[in-house]
Amino acid sequence: MKAGNLPLPAAPATPTTGVVASEPRLLGIADSRPATALENGQYRIWAEHFEQRTGILIHDHREPFVRRELERRLGELGLDFETYLQHLLQPASGVGEWRHLLDRLVIKETRFFRHRESHDFIREQVARRAARQGGERLDIWSLGCSTGEEAYSLALDALAGFETAGHAPEFAVIGTDISVSALREARTGVYPLNALGTADRQRLTRFMESIATSRFRLTAEVRRHVGFVADNLLDQRCGFFREGADIIFCQHLLVYFRRWRRRQALNFLARRLKPGGLLVVGPGECSDWQPGFLVRERHPDISAYRRPHPEGK
Ligand SMILES: C[S@@+](CC[C@H](N)C(=O)[O-])C[C@H]1O[C@@H](n2cnc3c(N)ncnc32)[C@H](O)[C@@H]1O
């Protein structure tokens, strides 16, 4: 039987926690059949395959978890490793299964205003730019946005920035991620109330509508500025911003890449900035990277780089 035509059962829906979906106890998947033990060589082939497709290097401490998940999946499907791998490589029919497994293995941990100093910085920068350039449209890219908290936080930063400058908000935030199920959750704009600390709850009150006792939805005023697109950073696309982005925000993603791949990704992102644009990464995520044509912002707590205007505006 050709691997592409395997009678694979539909991938069970991944529970949507919005936080650490990689935790085995959250996966809720029944062990229907005995697990198929992976040989070391097979595990290495798998880890390389995973890294080639996602950029994510599986560190030694995660090996037991990744092994367990993969073995469990083989057991559920009753397949041997080689047949399964062949199936995953099928351009059309392997896609659904790849997405499903990816969802089990990828770390999607996130929260609103995760790195506070970076969000304070964005708010200030938007206010300054709006004061200088009026309501000129601003394009913001939240890369590796997971379940959307980061993209909505950036929208809230931008709303606050435009308000400070006294201009009507004219901006779009596009969140991209490799995980299709994370994006599905992001699009709903619905989150558990306990995902917010007290300070954030106060900040968000104006933009929250209560939909159940323990959950809230961001108001249309925020949601109308935010969109989500499935995208793999390794494919080096940025079609959603034809002229590039004013702000590229990419935190807690590049840490999972090898150094050379991190630099390659950063060089690509640097080229996707509009003149005057800002690239904001997580602190310490690219300490050995300095592209010739970007200038590092002088700020003790954040890692941000600006593409200067050619005319030095
Ligand atoms: C740990 S979460 C970080 C979420 C958010 N940026 C934050 O800082 O809270 C990393 C996210 O990067 C995504 N990711 C991993 N590899 C990716 C790739 N090659 N392209 C796009 N997204 C990727 C994962 O699916 C995951 O949602």
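**Exercise 1.** In this predicted model, how does the shell around the ligand divide by class, and which residues are closest?

*Solution.* Start with the classes. The shell around the ligand holds nine nonpolar, nine polar and five charged residues. Last, look at the domains. Domain 1 (3–105) and domain 2 (116–306) each give at least three residues to this shell.

**Exercise 2.** Describe how helix α6 packs with helix α7.

*Solution.* First, locate the helices. α6 covers residues 116–133, and α7 covers residues 149–165. Their axes lie 7 Å apart, at an angle of about 40°. Therefore the two helices, α6 and α7, are oblique to each other. The crossing of α6 past α7 is right-handed.

Now list contacts. On α6, they include His119, Ile122 and Arg123. On α7, Ser153, Leu154 and Asp157 are among them. Finally, sort the contact residues by class: ten are nonpolar, four polar and two charged.

Definitions and conventions:
Residues numbered from 1 in each chain as written. Predicted model: local features only at pLDDT ≥ 70, side-chain atom pairs only at ≥ 80, totals over all residues. Axes fitted to C-alpha atoms, helices over the stretch in contact; angles between N-to-C directions. Helix = DSSP H or I, 4+ residues; strand = E, 2+ residues; numbered from the N terminus. Parallel < 35°, antiparallel > 145°, perpendicular 65-115°, else oblique. Left-handed = near helix turned anticlockwise from the far one by under 90°. Contact = placed C-beta atoms within 7 Å. Nonpolar A, V, L, I, M, F, W, Y, C, P; charged D, E, K, R; others polar. Domains from an automatic or database assignment.
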